[in-house]
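Here are some notes on the model, as numbered points. Please read them with the structure open.

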Amino acid sequence: MTDNVILSAQNVSKQFGGRGDLVARGLARLGLARPRPVVRAVEDVSFDLYKGEVLGVVGESGCGKSTLGRMVAGLLDPSEGQINGRAPDANTGPLPMQMIFQDPFSSLNPRKRVSDLIGEAPRVHRIVSPSEVNAYVADLMDRCGIDASYRDRFSHQFSGGQRQRIGIARALAVKPEILVCDEAVSALDVSIQAQIINLFMDLRDEFGLTYLFISHDLGVVEHIADRILVMYLGRIVESGPAEQIFNDPQHPYTRALIDGVPRLDRRRTVYEPIKGDIPSPIDPPKGCHFHPRCPLAEARCRTERPVLRDIAPGRQAACHLIETTAIEGEPKWPATKTG
Amino acid sequence: MTAVLDVRDLDTSFVSPSGTIAALQGVSLTVNTGEILGLVGESGSGKSLTGFSINRLISPPGKVVGGQVLLHGQDVLTLGEEDMRQLRGRRIAMIFQDPMMTLNPVLRIETQMYDALSAHESITKTKARSRAIAALDEVGIPAPEDRLRSYPHQLSGGMRQRVAIAIALLHRPDLIIADEPTTALDVTIQGQILALVQRLCRDRGTALIWITHDLAVVAGIADRLAVMYAGRIVEIGGVDDVLDNPAHPYTRGLIDSVPARGTRGKRLNQIPGRMPALTDLPKGCAYAPRCPRATAACEAMPAIEPISDTCAVRCFHPLTGEAS
């Protein structure tokens with residue numbers, strides 16, 4: 001199995017804030033300013049990414065999923081721990097990782113033509129020779145479903161879905177092995193979203209890509225992912241094969257998350273899975289981060305942090321109560337019905 | 001059941017130097033007491049514009065150019081500006097997508113709720129305060145007395161939306177128009193807000209129009225469903241009829257586009273192409289260029305015709321009685 005590991009994260013943490021610059025530290029020492037709060041965006045996260053799989057990362061705002069994605073893509077350095085993947089060769093050749101962003105409006109340079117947006121990186125990294133760039137760009141545009149005759153247009157001349165296709169073509173231009181998709185379909189309309197999801201699946205087959213697919217939309221993740229990491233306030237609370245996670249969630253948070261998703265087949269009924277708001281990551285609750293909202297929390301949950309442990313082959317969860325909680329059938333959350 | 005709102009052939013246009021853009025054309029819908037109507041469509045389909053037109057919140061160059069909006073039989077489009085101001089907020093309330101934009105960032109919640117109350121009735125500050133506390137309590141805000149002193153930025157997104165709902169409910173309106181109020185919220189918070197709105201409307205018999213792009217959300221909350229495409233309602237009917245036996249090919253396409261249980265790893269049935277711009281609508285049915293069932297007949301505009309007691313569809317070739 002280890003041969004297939006294309007990227008491995010070990011005890012990765014990321015903190016923001018804390019030690020300010022010299023002036024801020026001086027002021028804090030003199031009691032003239034409060035020290036800057038520390039946000040532990042990602043805390044002690046470990047996982048392996050296998051070649052060719054789609055690893056979904058789900059969780060609500062502030063759970064650290066985007067920070068994790070940015071660390072994997074190399075846009076942020078971990079504060080602690082390490083991410084082991086293939087390093088790019090110095091300045092030339094393919095880049096192993098690329099990222100696709102949520103907002104297709106702000107992630108493309110408005111002053112560049114499509115041919116430059118897609119063609120610049122492979123030229124700089126000498127993946128194609130200058131004379132072949134045009135044909136290379138046309139081929140990529142074609143594969144991503146953009147008419148190659150639009151190569152001289154600017155990004156504002158395209159719709160949201162087409163811009164996202166340009167972003168995907170740009171990422172693929174440097175022949176990556178791993179694509180980190182951070183909410184890559186969230187800003188798109190339903191019918192366009194389906195087109196982009198299908199494109200991701202086609203490209204995966206065509207180029208043998210591995211995806212880290214970050215999304216708050218569980219429907220999309222369930223559709224596309226092979227394995228899933230569920231995050232809550234910086235920590236992984238559950239991980240495992242997508243089918244098992246969705247059919248048999250073990251952690252109370254995962255359960256609430258899945259039951260809370262509106263479904264087409266659930267009519268005139270809304271479940272209110274958990275009370276309360278997500279706590280601030282500046283001052284997370286002690287013990288299990290989820291305990292203030294957890295319907296099953298016990299005294300132990302308030303003081304002792306549950307470790308992420310194996311609960312079945314390929315499955316892990318961080319909850320003290322897993323043996324004692326059985327789940328089946330319809331959700332037990334309070335439901336409100338219309339009429 | 002009596003119709004609280006009866007919209008008939010509503011037309012809204014935008015006048016620009018390059019010509020008039022018909023953004024809404026012939027929109028007709030009714031909402032009964034205590035009923036929740038889901039208004040679904042993609043960006044640019046005119047769903048929000050419908051809500052704004054009903055409340056006469058369209059500003060130039062936009063203009064409602066035709067049709068009637070009957071609230072308990074009275075046409076609000078013929079009301080004077082002052083009468084309309086009295087009606088907005090009191091009989092028709094709106095909840096918007098982004099509560100940070102609807103709440104004034106420099107006023108305390110208390111001030112904003114007092115302003116909303118005193119706009120429509122003469123009320124003392126003490127009385128207004130107790131009404132505000134009761135309203136916040138009703139929408140599930142803990143420690144409402146303390147929260148009244150807060151500014152909007154001190155509240156979370158879910159709490160802000162609860163405040164916006166509390167303000168909308170202050171005058172016990174006949175109709176609430178909710179424009180994507182949960183789109184910016186997390187799943188667990190969305191569940192809380194959906195349950196809250198559903199409970200409040202059911203208990204008080206308030207009619208609600210829930211505007212959204214998310215079919216699954218309206219499946220959970222709505223009694224009836226209207227699907228919009230390029231400024232027109234293409235299908236309207238009971239939620240079960242529309243979702244289980246969609247008659248319009250666009251509704252079918254939309255439902256198939258949603259990733260759901262049982263589609264794992266399979267290709268989604270995508271709709272090819274995208275919605276045409278309103279400046280460049282095809283002749284006849286706007287969906288025809290993307291539609292697998294389109295024929296030469298679709299070059300004319302189909303009328304919206306009833307196909308059963310509860311459903312109506314705007315299509316020459318509706319999918320009737322065919323298994324999906």
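1. Two residues are in contact if their C-beta atoms, placed from the backbone, lie within 7 Å. In chain A, 67% of the contacts with a separation of 6 or more are between residues 24 or more positions apart.

2. This is a predicted model: local features need pLDDT of at least 70 and side-chain atom pairs count only at pLDDT 80 or more, while totals for chains, interfaces and linings use all residues. Residues are numbered from 1 along each chain as its sequence is written, and chains are lettered from A and ligands numbered from 1 in the order in which they are written.

3. Chain A has 10 helices and 13 strands; helices (H or I, at least four residues) and strands (E, at least two) are DSSP runs, numbered from the N terminus. Its radius of gyration is 22 Å, close to the 20 Å of the globule rule for 339 residues, so chain A is as compact as a globular protein of that length. The radius is taken over C-alpha atoms, and the rule is 2.2 Å times the number of residues to the power 0.38. Along the principal axes, the C-alpha atoms of chain A fill a box of roughly 70 × 60 × 45 Å.

4. An open sheet of 8 strands in chain A has the order β5-β6-β7-β3-β8-β9-β12-β11, with mixed pairing; two strands pair if DSSP finds at least two bridges between them. At the edges are β5 (97-100) and β11 (309-312) of chain A, each pairing on one side only. Within the sheet, β6 (178-182) and β7 (210-214) of chain A are parallel over 5 bridges, and A:V180 has A:L212 as its bridge partner in β7(A).

5. Helix α9 (252-260) of chain A lies across β3 (54-58), β8 (227-232) and β9 (235-241) of chain A, at about 105° to β8(A). Axes are lines fitted to C-alpha atoms, for helices over the stretch in contact, and angles run from 0 to 180 degrees between N-to-C directions.

6. Is helix α2 (65-72) of chain A mostly covered or mostly open? It is mostly covered, with 7 of its 8 residues buried. A residue is buried if 20 or more other C-beta atoms, placed from the backbone, lie within 10 Å of its own. Among the buried residues of α2(A) are A:K65, A:L68 and A:V72. Just after α2(A), A:G74 has a positive phi of about 85°.

7. Between the chains, 41 residues of chain B are in contact with 40 residues of chain A. On the chain B side, α8(B) gives the largest share, 9 residues.

Key:
Buried ≥ 20, exposed ≤ 12 C-beta atoms within 10 Å, placed from the backbone.
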